[in-house]
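Thanks for coming. I will walk through one structure this morning, starting with its sheet and then moving to the helices and the ligand.

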Amino acid sequence: MVLRASNTINVIPAKAGIHPVLKGLDSRLRGNDNRVCLAHFVRRSKYLVFKTKPQLTITSALNQTQHFLNKSQIPDARLEAELLLSHLLKSDRTNLYRNASEFLSSRTKNLLKTMLEKRARHYPLAYLTGRKEFMGLCFLVNQHVLVPRPETELLVETALELLQKQKKYLLLDIGTGSGNIAISLARLSPNKKLKIFASDISAGALKVARTNACFHKVSRLIKFCRGNLFRAFNRFNLHEKVDLIVSNPPYISNRERKNLPLDVRKYEPPAALYVPTGSRGTFFHKQIITESTRYLKPGGYLVMEIGIGQAPELKEFLEKIGYFDMIIFLSDYNSIPRVVVTRCSGNSEL
Ligand SMILES: C[S@@+](CC[C@H](N)C(=O)[O-])C[C@H]1O[C@@H](n2cnc3c(N)ncnc32)[C@H](O)[C@@H]1O
């Protein structure tokens, strides 16, 4: 009989004393903290039932997870393996390597298996772990919100630079989602005299945003309102009082849906991604530009994230409106114009 460390239950008759098979086994098991010494049980029971399970060190778990993710065609498999393991072990990524030879508990192994099965079906990692880092801050996320993207950090960095110049600010965030933009501004701005109104059409998203604001202790600075774009703020008298409007609106058109990665197309909320069927990708940008003219103070700014190839069309639209004396497009790390910054001159030609 060959005894292997596998997921099997072996039932061995234990007649007198220690079964011959176990005698040898017992000495092998002694001192091995993976398993228990069995002799004690052999003497007292008719049958010995023991379970040998393969033990998985953190290093093996990382390697096996990476291999599995690679096979499932998940990009950045090593990084994802580290993020999954550090989430499950409530440790940071460097600690995984510091404690590389520690064993995973059966519970952790089972959770990892369940998560990997989902990830292989392209369920987003951030929804699995329930969190995503943005601007160095941790945001809770679920399927009601878009997973915050690194390119949106450019929008926040730009807005933060604009904020440093004055003392008291009134801000609007249109389509707040997880609240990542508004909350990052509230947390990271050295200027604490901010009042932010943030809107979203989705009640589920606003619930997540409020939880995040609470988590980051900025609830008193941000008022979350449900409604269509600026209509959410109707009950407040904000016309011509706003210093800065920020927005990362949906900007994917029908035509572009098929180009999206499976994770995004299958699981992220359609309301966060797509413009209405048949509209151009700039549908929401144009509505926000038009309506912002009623809300911005002269000298106030509008800062929006834009999609690939949308800059020329938006530049033309902004110039036609003639309400803005400054129009700048900022590019992301891939040299794609990603953020438009405009300043309200106050002379509308609408
Ligand atoms: C691209 S996501 C941006 C989320 C978040 N601000 C970010 O940067 O990760 C767009 C958000 O706009 C919201 N939205 C879509 N249509 C809207 C509308 N008509 N009025 C207000 N919010 C809307 C969606 O629910 C979604 O949360």
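In which sense do strand E5 and strand E6 pair, and over how many bridges? Strand E5, residues 169–174, and strand E6, residues 194–200, pair in the parallel sense over 6 bridges. Tyr169 stands opposite Leu194 in E6.

Some ground rules before I go on. Residues are numbered from 1 along each chain as its sequence is written. This is a predicted model, where local features need pLDDT of at least 70, side-chain atom pairs count only at pLDDT 80 or more, and totals for chains, interfaces and linings use all residues. Helices (H or I, at least four residues) and strands (E, at least two) are DSSP runs, numbered from the N terminus. Two strands pair if DSSP finds at least two bridges between them. In general, strands of a sheet pair through backbone hydrogen bonds, either parallel or antiparallel.

Now the whole sheet. It is open, with 7 strands in the order E7-E6-E5-E8-E9-E11-E10, and its pairing is mixed. Its edge strands, each pairing on one side only, are E7 (222–226) and E10 (324–331). From one strand to the next, the twist averages 15°. For angles, axes are lines fitted to C-alpha atoms, for helices over the stretch in contact, and angles run from 0 to 180 degrees between N-to-C directions.

Next, strand E11, residues 337–344. E9 pairs with E11 in the antiparallel sense over 5 bridges, and E10 pairs with E11 in the antiparallel sense over 7 bridges. Thr342 in E11 is the bridge partner of Leu302, and Thr342 is also the bridge partner of Ile327. E10 and E11 form a hairpin with 5 residues between them, and Ser335 in the turn has a positive phi of about 60°.

What lies across the sheet strands? Helix H9 lies across E5, E6, E7 and strand E8 (242–247), running at about 170° to E6. Helix H13, residues 283–295, lies across E5, E8 and strand E9 (296–305), running at about 160° to E9. Contact here means that the C-beta atoms of two residues, placed from the backbone, lie within 7 Å.

H9 (residues 180–188) also packs with helix H8 (residues 152–163), at an angle of about 40° and with their axes 10 Å apart. H8 and H9 are therefore oblique to each other. On the scale used, angles under 35 degrees count as roughly parallel, over 145 as roughly antiparallel, 65 to 115 as roughly perpendicular and the rest as oblique. Thr152, Leu155, Val156, Ala159 and Leu160 in H8 meet Ile181, Ser184, Leu185 and Leu188 in H9. By class, that contact of H8 with H9 has 7 nonpolar residues, 2 polar and no charged. Here Ala, Val, Leu, Ile, Met, Phe, Trp, Tyr, Cys and Pro count as nonpolar, Asp, Glu, Lys and Arg as charged, and the others, Gly among them, as polar.

Last, the ligand. There are 21 residues around the ligand, and Gly175, Gly177, Ile201, Asn248 and Ala272 come nearest; near means a C-beta atom, placed from the backbone, within 6 Å. H9, E6 and helix H12 (270–273) each supply at least two residues of this shell. The shell divides into 11 nonpolar, 9 polar and 1 charged.
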